[in-house]
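Colleague: I would like to learn how to read a model such as this one. Please take me through a few features.

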Amino acid sequence: MRICMMEGPVDLEPQGATWEGMAERIGELAPDLLVTNEMPFGPWLAADPQYDAGRAAASVRLHEAGLEALTALGVPAIVSSRPVHAGERLANEAFALQDGRYTRLHHKQYFPEEPGYFEATWFHSAFDGFEVFEVGGIRLGVQLCTELMFNERSRRYGRAGAELIVAPRASSPSTGRWLTAGAMAALVSGCYVVSSNRAGRTAAGQVFGGTAFAFQPDGEPLARTSDTESIVAIDIDPARSRAQQSLYPCYVGE
């Protein structure tokens with residue numbers, strides 16, 4: 001199975017030269033599954049410490065247009081996330097697109113609240129998450145950005161039969177801690193872990209760290225993006241994940 005991971009540039013629009021260049025590269029790599037960064041289109045709402053209903057609605061509309069652009073890529077399966085209306089705030093909804101069919105996978109549950117990431121101000125969860133779904137022929141679970149820091153969720157995914165954990169991010173340049181989190185998620189779950197991230201500096205000066213990465217089920221590095229390769233494809237074997245889950249430390253009981 002071939003999976004594509006990516007660095008999504010800040011303020012990405014689902015049209016125009018930048019998007020067309022990304023679409024062309026993804027087409028060349030011909031993945032079975034594409035994992036995008038967290039809420040890939042438009043401005044990062046949570047940079048603002050005050051909730052703004054107008055900006056929230058604009059982001060929802062832009063990501064709805066993004067669904068059409070993602071579908072047009074022709075990739076058999078895509079996992080991403082988008083803002084959706086959920087009462088007086090938004091929910092950050094992870095979803096799968098399979099041949100244009102939309103499946104809600106997860107609502108982000110854990111929210112930071114600090115400069116650049118006032119997510120608790122903007123978002124809440126409208127339903128429980130952390131279920132395993134079959135997407136594109138592989139059993140996977142989603143941990144959106146901060147959720148990757150919580151190994152207990154990764155371990156439960158492995159126990160529930162997941163073979164892959166996908167972690168769309170919009171994280172800062174502190175790459176080391178995210179690589180550690182990805183390695184530990186793989187190690188405790190026996191799953192492959194694939195994470196894409198937002199990249200670049202906004203007009204207001206906020207910097208996102210890029211560095212999409214993948215880890216093998218034993219926690220060893222598999223691949224990373226770089227300054228010259230912002231979209232990377234990897235080949236994985238789900239059977240390797242199933243085998244790893246019978247080995248240390250995955251078999252150790254609670």
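**Reading the chain**

Modeller: Start with Tyr-248, which lies in the segment after helix H6 (238–244); helices (H or I, at least four residues) and strands (E, at least two) are DSSP runs, numbered from the N terminus. This is a predicted model, in which local features need pLDDT of at least 70, side-chain atom pairs count only at pLDDT 80 or more, and totals for chains, interfaces and linings use all residues. Residues are numbered from 1 along each chain as its sequence is written, and side-chain values use heavy atoms, with hydrogens and water left out.

Colleague: Is Tyr-248 buried or exposed?

Modeller: Buried means under 20% relative accessible area, exposed over 50%, and partly exposed in between (1.4 Å probe, protein chains only). Tyr-248 counts as exposed because its relative accessibility is 61%.

Colleague: And Thr-202, where does that lie?

Modeller: Thr-202 sits in the loop between strand S12 (197–201) and strand S13 (207–209). With a relative accessible area of 16%, Thr-202 is buried.

Colleague: Which residues does Thr-202 touch?

Modeller: A contact means heavy atoms within 4.5 Å. Leaving aside residues up to four places away in sequence, Thr-202 touches Val-10 and Phe-208.

Colleague: How many helices and strands are there in the chain?

Modeller: The chain has 6 helices and 16 strands. Buried residues make up 54% of its 254 residues.

Colleague: What does the radius of gyration say?

Modeller: The radius is taken over C-alpha atoms, and the globule rule is 2.2 Å times the number of residues to the power 0.38. For 254 residues a compact globule would have a value near 18 Å, and the 17 Å of the chain agrees.
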